[in-house]
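Please keep the viewer open as you read.

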Amino acid sequence: MSSAQVVEYGAAPLKLGVSREFSAFAANLRFEDLPDAVVHEARRGVMDWLGCAIAGSRHSTIRHLLAGVGALGSLEQVPVIAQGGKKLGMLEAALVNGQMGHVLDFDDTHMEGVVLHTSSPVLAACLSAASSGTFSGKDLITAYALAFEAGVRTGKAAPTHHDGGWHLTGTLGTIAAGVAVARLLGLDEKQMTHALGVATTQAAGMQQNRGTMSKSFHAGRAAMSAVLAAFLAREGFDSSDEILEGRRGFVRIFSTRSNPDVILDKLGSDWHIVRNGYKPYACGIVLHPAIDAVIDLRKHNIAPEQVAELKVIVNPATVRITGVEDPQTGLQSKFSIYHSAAVAFLDGNAGLPQYSDQRATAPEVVALRKKVRVGTDDSFRRDEAHAEIVSTDGQRFEVHVDHASGTADNPMSDAAMEAKFRLNAEPVVGKDTADKLVQTIWTLDALKDVRDILKLAS
């Protein structure tokens, strides 16, 4: 006698309502609902991202990307950042501008339970979509704030997502940007749910591509996917209404553990954008506390040739993410704790020049990074590090960093944010244009048409 096994349909409804409830919140949020701190952080985020994108416009990766896009052909709709007035179609412009913002690994990073570069996919997508009509600075700020809620909350609901090898800017960035564009376009609750679903089903990006052109491509592709998702949903294209929490939804298949309730917890009262982080250094965020510590050690005036050992202790995730020992290119060096410690000590900085192809193979850098010793401590937070230098004559000095500069617990000031923007933008667009952009962004909520931003930056 045989026994029958009951097999349940894999995508059978759970009826938790998480995706629908989040979408209803996103569709109905008004600018007037946002606290002043959220609005101000949005201004800071737009300024930071735009400066990174302008600087990134000169990277060789973008030249290759534009060549490929050009070979395929594109409409002339949306200005491309810092390309002499060049325009591309809405999807292609989102792709290119999004990759520009992330190619230097200098863009913002949210570190509260996720490692997410929110702004590159979100702002590239929104500014591209904005070419379809007239949208105000208030519209952009509202959409941008929602993006953090969508991306960060989904990431927290899928806590082992990063451990699985996914690049969160490609995956969570697609979700964040999809919601943002849908909100910018004014989609209703049903359309928002479908935009969320179409965006989420495109989520992708693998950590294996760190140190290559494809890593920053994830941010651009997320922006492109988001624009596509929102416009499809606007025209009646549908999706699952349980795309986040469903039996085969994002938080269950992209993570070995899931907690979808996190997505709705304190929604509308606890805003994640206010805890965003900004980079003073042009490399992976987990390297920043070690860089801070090593730069501090320079005050002891030990010459590079007198260094016997340069020791750094970090959270284990730092080594997993940035353990490249002998980088051969600038992109690879952004994921090398050995290189970062060496240039921080030699140059007292870890900006764009420190992560060039030339600096990656410079003899004095290669010599010093061979003296770098890396240890880990499970008790360290990701924004915490310890460094010690041992000289050839036996002197020892050490320093501990509790919170890296630029993180939520040790934030950059408005003045520092503007200085970073000018450092990134002025060499490319000139001081006059940089001045206009600064003024435009600090008064973003008064801007009548956000298309003015790309017009100025192109």
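Helix 1 and helix 8 cross in a right-handed way; a crossing is called right-handed if the near helix is turned clockwise from the far one by less than a right angle, and left-handed if anticlockwise. This is a predicted model, in which local features need pLDDT of at least 70 and side-chain atom pairs count only at pLDDT 80 or more, while totals for chains, interfaces and linings use all residues. Residues are numbered from 1 along each chain as its sequence is written, and side-chain values use heavy atoms, with hydrogens and water left out.

Helix 1 covers residues 18-28 and helix 8 covers residues 189-200, and the two pack at an angle of about 120° with their axes 8 Å apart. Helices here are DSSP runs (H or I, at least four residues), as are strands (E, at least two), numbered from the N terminus. Axes are lines fitted to C-alpha atoms, for helices over the stretch in contact, and angles run from 0 to 180 degrees between N-to-C directions. The pair is therefore oblique, given that angles under 35 degrees count as roughly parallel, over 145 as roughly antiparallel, 65 to 115 as roughly perpendicular and the rest as oblique. On the helix 1 side, the contact includes Ser19, Arg20 and Ala27, which belong to a group that meets Glu189, Met192, Thr193 and Leu196 in helix 8; contact means heavy atoms within 4.5 Å. Sorted by class, this contact has five nonpolar, four polar and two charged residues. For these classes, Ala, Val, Leu, Ile, Met, Phe, Trp, Tyr, Cys and Pro count as nonpolar, Asp, Glu, Lys and Arg as charged, and the others, Gly among them, as polar.

Now turn to helix 2 (residues 36-56) and helix 17 (residues 414-429), which pack at about 30° with axes 8 Å apart. That angle makes helix 2 roughly parallel to helix 17. Their crossing is left-handed. The residues of this contact divide into 10 nonpolar, three polar and five charged. Leu50 in helix 2 and Phe421 in helix 17 are among the residues that take part.

Leu50 and Phe421 return in the largest nonpolar core, where they are among the residues with the most contacts inside this set of 99. Such a core is a set of buried Ala, Val, Leu, Ile, Met, Phe, Trp, Tyr and Cys residues joined through side-chain atoms within 4.5 Å. Helix 6 (residues 137-157) gives the most to this core, with 11 residues. A second, separate core of 37 residues includes Ala282, Cys283, Phe345 and Ile389.

Which residues does alanine 157 touch, not counting those up to four places away in sequence? They are Val251, Arg257, Ser258, Asn259, Pro260, Val262 and Ile263. Alanine 157 lies in helix 6 and, at 0% relative accessibility, counts as buried. Buried means under 20% relative accessible area, exposed over 50% and partly exposed in between (1.4 Å probe, protein chains only).

Lysine 15, in the segment before helix 1, is exposed at 70%.

Finally, lysine 266 has a positive phi of about 55° although it is not a glycine. Lysine 266 sits in the loop between helix 10 (250-253) and helix 11 (288-297), and is exposed at 53%.
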